[in-house]
Amino acid sequence: MTGAETDDDIPLGERKTVTDFCYLLDKSKQLFNGLRDLPQYGHKQWQSYFGRTFDVYTKLWKFQQQHRQVLDSRYGLRRWQIGEVASKIGQLYYHYYLRTSETSYLNEAFSFYSAIRQRSYYFQVNKEDRPELVVKKLRYYARYIVVCLLLNKMDLVKVLVKELSEEIEDYTQRFNTEDQLEWNLVLQEVAAFVEADPVVVLNDNNSVVVTSNRLQEGSVPPLEQGMVVGQLVLADALIIGNCNNQVKFSELTIDMFRMLQALEREPVNLAMQPSKQGTLEPNEKPAKRENPHKYLLYKPTFSQLFTFLSASFKELPANSVLLIYLSATGVFPTGNSDYEGPYDFGGVLTNTNRDVVNGETAQKRNQAQKEMHCLHPGDLFPFTRKPLFVVVDSSNSAAYKHFTNLFGQPLVCLLSPAVYPKSVQDQSQRGSLFTLFLYSPLLAFSSVCGLNSVQRGLWERAQEFLLKVYRDIGQMITQSRTIDQAFLQFFGDEFLRQLLIRFVFCSAALRLHKVFRESQSFPESYPELPKQDTVENSLLQKHILELATMLDVQSLFWDDSLEAY
């Protein structure tokens, strides 16, 4: 209430408007705060609660639009408070995206975050002597940047980072706060994240072209007449990141960020849709699930990882596949064992709260005991009762070669090189080369050839050429008479087909590259692929040399195979 007015001076209708607004505001905060208590796993438990929360925020948003004048004069509604509501709605949509993997909700989050900036809802915050309000503004910027990164709006990200940097500088000068280092770290992380791609595509005027690497119409070779493949569908994916010293932002390592995009379709462009600003319709689910459901686990403990894995396994529909992507530091076995079982080869690191010294826990263990904070191949054995597709990007990926298919279900493991040449290893902070190949083969190929930039016209020609190469790889896989049936059973799913084709391309390219000499520097798989039919196929080798010639890097590759043509 404003000035010296009392309740009696305010018309009853306007008093009711303020009361109703306060009720909706309190209710929305209560429901929003309750979201963090919901289990993060399982598909069903959270949906009704999310629905109620969306419903209240929808009413609140429309209510403040319809009664803005009364709320301004009688309640003293500030623009930053409207911004807070819009920011919460943006967060709701973002979390709905995380829960469902539907990229359309990312676009909705973007539209609300974008409106906050366009309408300067937080503009007045800097004039108030309240540091907690400025922190709300800074957090809004950080969340907006995450959504823009996921939508590949890199030009806007750079603008937002510049604005955030100025806001942080203003904040730390005005208030003697203890969180200055934290906010500067946020800036450093996002700056490193934006610069992580090792190769840029340039226009004629040398401006950077933003390329998308999500699955697009026509980017995966279609199944052809006569290809006998399985009908399995990728339904669930666990994307796990636990690499020391890798670029990260907001609990997403660069490897996790790339892999999640490799498992999503290109979102519908918001510009092509009629504007829905101010409307909230989260219950309008797409008729068909466009993307596999994903869990993003940053540095999980073993128990967290096992809990999410169990939940995914439990809820996996019939004729569906569970994918596990592990980007993590290798854990190697200590001591020798007479019996080589599924817990004798080490695995990949899981998080621990204990002190870690140089990657090894300070607590001494008996040499005969196994590393506790490690996902061993044997830990995954119970989950092979259903179709399982595993991707391991680690210095100890070879541990997962020693799998045993106990239950006869389709099972494939794609394994990264264990050792890289020094020139590649030096780049590892900016993400793994193996994951880069699975995300964008041309980006990875250009990077391993030492290119820093590629002109747009050349890039598009090379991409066009690669579509033909992918088609040929698809035929090599499906026409091989000695290939393990598991590969064919997964080949019917578009996302898994894309990963398998890119894996074969990566393996073939690295085998021909002169810098990659050791067998440990080549990707491997369980079951093994028939090399002559796939990764050492003479037609594929010819294609790789043609691509190298197109990019003018043919001197980096062994070209003995050209003599056959």
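Two strands are taken to pair if DSSP finds at least two bridges between them. In this predicted model, strand S13 (residues 388–393) is joined to strand S14 by 5 bridges, and the two strands run parallel. Within this pairing, Phe389 has Val412 in S14 as its bridge partner. Strand S14 is also joined to strand S16 (residues 524–526), here by 3 bridges, and these two strands run antiparallel. The bridge partner of Leu414 in S16 is Ser525.

Helix H5 covers residues 104–118 and helix H6 covers residues 131–150; their axes come within 10 Å and cross at roughly 135°. Angles over 145 degrees would count as roughly antiparallel, and those from 65 to 115 as roughly perpendicular; H5 and H6 are therefore oblique to each other. The crossing of H5 past H6 is left-handed.

On the H5 side, the contact is made by Leu106, Ala109, Phe110, Tyr113, Ser114, Ile116 and Arg117. These residues meet Tyr140, Arg143, Tyr144, Val147, Cys148 and Leu150 of H6. Of the residues in the contact of H5 with H6, 10 are nonpolar, 1 is polar and 2 are charged.

Notes: Residues numbered from 1 in each chain as written. Predicted model: local features only at pLDDT ≥ 70, side-chain atom pairs only at ≥ 80, totals over all residues. Heavy atoms only, no water. Axes fitted to C-alpha atoms, helices over the stretch in contact; angles between N-to-C directions. Helix = DSSP H or I, 4+ residues; strand = E, 2+ residues; numbered from the N terminus. Parallel < 35°, antiparallel > 145°, perpendicular 65-115°, else oblique. Left-handed = near helix turned anticlockwise from the far one by under 90°. Contact = heavy atoms within 4.5 Å. Nonpolar A, V, L, I, M, F, W, Y, C, P; charged D, E, K, R; others polar.
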